[in-house]
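Dear colleague,

I am passing on the structure we spoke about, and below it you will find my notes on what came out of it. Please read them with the model open beside you.

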Amino acid sequence: MPSLPSANQDLIELSQINRTFYLGDSQVHALRNVNLHIASGEYIAVMGPSGSGKSTLLNLIGLLDRADAGTYKLQGDDVTTLDSDAQAQVRSKRIGFIFQSFHLVPRLTAAANIELPLTLAGMPTAQRATLVVQALKDFGLTDRAQHKPNELSGGQRQRVAIARATVQRPAVLLADEPTGNLDRITGEEVVRLLEALNAQGMTLIVVTHDPVLGARARRQIKMEDGCIVSDSLSSSIAT
Amino acid sequence: MKLIDTLRYATTAASGAPLRTGLLMIAMSIGVAAVVILTALGDGARRYVVGEFSAIGTNLVIVLPGRSETRGFNPANLITSTPRDLTVDDANALLRLPGVVRIAPIVVATTEINADGKLREAMLLGTNENYLQVRQQKIALGRFLSQDRSGHGTGEVVLGALIRREIFGSDNPLGKTVRIGDRRLRVVGVLAEGGRGMGMTTDELLIVPVASAQAMLNSNTLFRILIEARGREQIAEVKAQVLKMITQRHDGEEDVTVITQDAVLETFDKILNVLTLGVAGIAAISLAVAGILVMNVMLVSVAQRTAEIGLLKALGATATAVRELFMVEALLLSLTGGLLGLALGYVGAAILRHIYPSYPAYPPLWAVAAGLGTAMISGLVFGVMPARRAAELEPIQALAKRA
């Protein structure tokens, strides 16, 4: 594909991916024969109307969902056929998620929420503590470390979520409507944070309805009815 | 995920829903407390009865006149149809047996005591100087009966504590003369208060030499012969010898029954243990109910925390890790509830003992262990299903539920 940034090896390589949901008697083709190559360090916005399959695509890349057909290679490894424990391992080490509704654990403090992926990965306590302190500092949350999510503002919550998603230094950061629950100014703040992470080399894939947010990405993918209808490098702005 | 982290996470999860956790723990603790208190009652009954029988003395073999069982045809039955009486001579003869240490013949009757112008009904007990040691009782004042060398009685009487108080009040009764039946006897001692055994208090006894008692009652029969064996191992041997000797002395007719304290104790022990087990079984039903409640609560917990489970999976938790989290939580809940119930049960048993001081309502150790064990096992068994359900949740569907 000549229009894509050149890379020796694609970070993500989807070929002939199909995903069908069965809702009662009717079939919904969420993804139809999707082919996609994403290089390391890209900043991609996936856009499209509701039901176009963009969230399904994101979930599939995040290994939260399985394709019915096709192959998915992540950093050269075929992850389509991995069993669920191996997939959990991949999610733990290589993928970070950010959700529209933050998905923080309400009874845990900001620090404990950030620590969660490290805890799940079985990292020793001392090592966890240093990483969490660093993450809190990086995202300006040091003074909010011991606060529960309900004591944090929306922007702070999303910052905790981003810190949590990136504390393992994943290769890909997947964001599903990251600004959907935020006002314009805090949304802007969050986007800048994500872009800064991208600037450090983390591949960023954002699913959004918001054309302004979508336009900021260097590469836009538009979806309709489970198909990629356009895939273009941004012409308007440069980073 | 490390075990300590799993534990910590499960703890915050449980304490994050205090009402649910609290209710569950109450149910579990009531179950365990029921087991503890009911077995304390059952085992208390056992201890009480065993204690009563042990209070008779140690290593006792008891001879009763008459046969309690029929064993075939004995030609002697043709000649003598009524059983021979047990006599003092029988008792003295038994003292010659090798395994026997002491012998106390017993005669019992109701009688009246008349002294200081007061009249009172009392139990008359005729025996010898060994009675005190055989029955392991204590003298509060004076001394016990002396040895009756003449075989016609010594004219001495030992009073029960209550009799002494009611007749003499705080006066010193020693050396005073009392009338019992048609005889005048001299008070030589007073029994210590609170002696008991076989459901009979010694506080209302009048103890006189066996010959005096027999003369008063105009009979030479004994009610019982108490034999103290040299040791626990000799009891069976002594029992056989006693039976043989009495049979011999009674013209070859086996017309007495010999029971050992051990056998009686064992029987009661067995019966009351079965009773305790039965009661524990009934209480265990409440534990099973609590177990089902654990399952119910954990299922609700899984349903409520669907989004959280999805998140954990998105963050890299394996199905095993999720299952462990919920199993540990169920276990933690039932264990804490169980420990709480244990405390509750012990407090309940203590209150019982406070209300009925003579009733040793201590929960047996096996019941405590079984109660706690059942609580944990039910937590484990009933935690499996919810935990599996949590582990099997598809992360994508779980996340779709907005928390």
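Domain bounds, as used here, come from an automatic or database domain assignment. On that basis chain B is divided into domain 1, which takes in 3-52 + 267-400, and domain 2, which covers 84-254. Taken over C-alpha atoms, the centres of domain 1 of chain B and domain 2 of chain B are separated by 56 Å. Please keep in mind throughout that this is a predicted model.

The contact between the chains

The contact takes 23 residues from chain A and 23 residues from chain B. On the side of chain A that touches chain B, the elements that give two or more residues are helix H2 (84-94) and helix H3 (110-120) of chain A, and H2(A) supplies the largest share, six residues. By class, the residues on this side of chain A divide into ten nonpolar, nine polar and four charged.

H2(A) also deserves a look for its buried residues, which are Gln87(A), Ala88(A), Arg91(A), Ser92(A) and Arg94(A). These buried residues pack against strand E4 (69-74), strand E6 (95-98), H3 and strand E7 (172-176) of chain A, together with helix H10 (306-314) of chain B.

Helix packing

Two packed helices are described by the angle between their axes and the distance between the axes. In chain A, the axes of H3(A) and helix H4 (residues 125-138) come within 10 Å and cross at roughly 135°, and H3(A) and H4(A) are therefore oblique to each other. The crossing in which H3(A) passes H4(A) is right-handed. To this contact H3(A) brings Ala111(A), Ile114(A), Glu115(A), Leu118(A) and Thr119(A), while H4(A) brings Arg128(A), Leu131(A), Val132(A), Ala135(A) and Leu136(A). Sorted by class, the residues of the contact of H3(A) with H4(A) are seven nonpolar, one polar and two charged.

In chain B, helix H2 (residues 18-54) and helix H12 (residues 365-392) pack with their axes 9 Å apart and at an angle of about 160°. Because angles over 145 degrees count as roughly antiparallel, H2(B) and H12(B) are described as roughly antiparallel to each other. The crossing of H2(B) and H12(B) is right-handed. On the H2(B) side the contact is made by Met28(B), Gly31(B), Val32(B), Val35(B), Val36(B) and Thr39(B), and on the H12(B) side by Ala367(B), Val368(B), Gly371(B), Leu372(B) and Ala375(B). The contact of H2(B) with H12(B) has eight nonpolar and three polar residues, with no charged residues.

Backbone points to check

Most residues other than glycine have a negative phi. Gln16(A), a residue other than glycine, has a positive phi, near 50°, and is found in strand E1 (residues 10-23) of chain A. Gln16(A) counts as exposed because it has 12 C-beta neighbours inside 10 Å, the cut-off for an exposed residue being 12 or fewer.

Asp251(B) likewise has a positive phi, near 60°, in a residue other than glycine. Asp251(B) lies in the loop between helix H8 (235-249) and strand E12 (256-260) of chain B, and with 11 C-beta neighbours inside 10 Å it counts as exposed.

With best wishes

Terms used. Residues are numbered from 1 along each chain as its sequence is written. Chains are lettered from A and ligands numbered from 1 in the order in which they are written. This is a predicted model: local features need pLDDT of at least 70, side-chain atom pairs count only at pLDDT 80 or more; totals for chains, interfaces and linings use all residues. Two residues are in contact if their C-beta atoms, placed from the backbone, lie within 7 Å. Helices (H or I, at least four residues) and strands (E, at least two) are DSSP runs, numbered from the N terminus. Ala, Val, Leu, Ile, Met, Phe, Trp, Tyr, Cys and Pro count as nonpolar, Asp, Glu, Lys and Arg as charged, and the others, Gly among them, as polar. Axes are lines fitted to C-alpha atoms, for helices over the stretch in contact, and angles run from 0 to 180 degrees between N-to-C directions. Angles under 35 degrees count as roughly parallel, over 145 as roughly antiparallel, 65 to 115 as roughly perpendicular and the rest as oblique. A crossing is left-handed if the near helix is turned anticlockwise from the far one by less than a right angle, and right-handed if clockwise. A residue is buried if 20 or more other C-beta atoms lie within 10 Å of its own, exposed if 12 or fewer, and partly exposed in between; C-beta atoms are placed from the backbone.
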